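Morning, everyone. One structure today, and I'll keep it quick. Please have a look at the screen.

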Amino acid sequence: MLRLLSALMLVALASGCGQPAFSPSSRVVNGEDAVPYSWPWQVSLQYEKGGSFHHTCGGTLIAPDWVMTAGHCISSSLTYQVVLGEYDRGVEEGPEQVIPVNPDGLFVHPKWNANCVSCGNDIALVKLSRSAQLGDKVQLACLPPAGDILPNGDPCYISGWGRLYTNGPLPDKLQQALLPVVDYEHCSKWDWWGFSVKRTMVCAGGDKQSGCNGDSGGPLNCPTENGTWQVHGVTSFVSGLGCNTLKKPTVFTRVSAFNDWIEETIANN
Ligand SMILES: *[C@@H]1O[C@H](CO)[C@@H](O)[C@H](O)[C@H]1NC(C)=O
């Protein structure tokens, strides 16, 4: 039996993406410590300042040497590294992989405009200077097929090392929160996000049940019918009024609007 189990697990790992070896918990709360390594595609994007590296954004491992993050996370004048297999940022736990990023490894979407976050295209790809070693604690995310739109209320999770509450401290342990999808029809109502939300975005959360402890650039993780996960969003913006503002869901770049750009960028670099 044990042998069969481990054989099954190897098959699951070999088949590629979206199947954490450590299952995420699915409690409905405002934001909580994630189960360690249950979002094995979650990365910490860090920039160098004064000789040390500082966490700035989340990101998603989509190929052994490619990370997807937000356009607003990248500044071409900075030096970056990516940490994979991270859980508690305050402790060296063993599974961490620290991989430098070369200056020519930063690819921000050509239509991203830092002066107009609500215009969309807040997505970037980061090429790692070497491939990650995949295993039970570092795994690739699955992306949805092009054009895939989730229904209102779909139970997705945001994950990240972002603040626990507006202006709160940065947590050491990876956080997660249930953020049900708010479809475009609801999210674009005048008293929700109105014209600030575009069809190339995904809204999620925006009521009392949702937290906002995620982090820019990080994933919106959504379940599929067969128990695997797909990353449908890249965390883009929240309301200036505070993370948990009613009728102001967290807004993500919709990954399924950018499959072509992602595939082309990876193929050409
Ligand atoms: C699970 O479902 C997703 C989305 O429908 C599909 O892409 C994937 O291949 C399926 N995986 C398995 C292991 O059945």
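Start with strand 5, residues 80-84. Five of its five residues are buried, so the strand is largely enclosed by the rest of the structure. Buried means under 20% relative accessible area, exposed over 50%, partly exposed in between, with a 1.4 Å probe and protein chains only. Strands are DSSP runs of E, at least two residues; helices are runs of H or I, at least four; both are numbered from the N terminus.

Some ground rules. This is a predicted model: local features need pLDDT of at least 70, side-chain atom pairs count only at pLDDT 80 or more, and totals for chains, interfaces and linings use all residues. Residues are numbered from 1 along each chain as its sequence is written, and side-chain values use heavy atoms, leaving out hydrogens and water.

Now its neighbours. Strand 2, residues 42-49, runs antiparallel to strand 5, joined by four bridges. Two strands pair if DSSP finds at least two bridges between them. Leu45 has Val82 as its bridge partner in strand 5. Strand 6, residues 97-100, also pairs with strand 5 in the antiparallel sense, over four bridges. There, Val83 is partnered by Val98.

Zoom out. The protein has three helices and 14 strands. It has 269 residues, and 52% count as buried. Take contacts, meaning heavy atoms within 4.5 Å. Among those with a separation of 6 or more, 68% link residues 24 or more positions apart.

Next, helix 3, residues 259-268. Its buried residues are Asn259, Trp261, Ile262 and Thr265. Their cover includes strand 3 (52-63), strand 4 (66-69), strand 7 (106-108) and strand 8 (124-127).

A polar side-chain atom of Asn226 lies 2.4 Å from a ligand oxygen atom.

That's my tour. Over to you.

How values were computed:
Polar contact = N/O pair within 3.5 Å; in protein donor to acceptor, adjacent residues only side chain to side chain.
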